[in-house]
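Hello,

Here is the structure I said I would pass on. My notes on it follow below.

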Amino acid sequence: MAISQRTLQETTTNLSGDDVLARAKSFFANRPSLYSTFLDMEGPGFASFRGQGGEELIIAVVPADAGAGTRVTGSSYLFDMQISRFFSTLPPVSAS
């Protein structure tokens, strides 16, 4: 995977943005100690976490095009694998 694909990842889910952010707060706070993070900042549509060595991890949400779920973006230099794992826990948008 190219570095640009690892540092910025995106998926679409049928969950609301608020539900995605609530799940992110729980998921990243409960990781094993090496990859655990704490909530740094949050606002409408995003949550920012800090982890090992001050590394930042950001999860952002916006409504997907044509109202088909929620587009979720994750960005980090160090926690790319954990973002992928988090994305795998989100239910996909149902095919219509």
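Strand β2 is joined to strand β3 (residues 46-50) by five bridges, and the two run antiparallel. Strands here are DSSP runs of E with at least two residues, helices are runs of H or I with at least four, and both are numbered from the N terminus. Two strands count as paired if DSSP finds at least two bridges between them. Met41 stands opposite Ser48 in β3.

This is a predicted model, in which local features need pLDDT of at least 70 and side-chain atom pairs count only at pLDDT 80 or more, while totals for chains, interfaces and linings use all residues. Residues are numbered from 1 along each chain as its sequence is written, and side-chain values use heavy atoms, with hydrogens and water left out.

The sheet is open and has five strands in the order β1-β5-β4-β3-β2, with antiparallel pairing. Its edge strands, each pairing on one side only, are β1 (8-13) and β2 (38-43).

Helix α2 (residues 17-29) lies across β1, β2, β3, β4 (56-63) and β5 (70-75), and runs at about 160 degrees to β4. Contact means heavy atoms within 4.5 Å. Angles run from 0 to 180 degrees between N-to-C directions, with axes fitted to C-alpha atoms, for helices over the stretch in contact. Helix α3 also packs on the sheet, where α3 touches β1, β4 and β5, and its direction makes about 5 degrees with that of β1.

Asp80 lies in helix α3 (residues 80-88). Asp80 has a relative accessible area of 18%, so it is buried (under 20%; exposed is over 50%, partly exposed in between, with a 1.4 Å probe and protein chains only).

Regards
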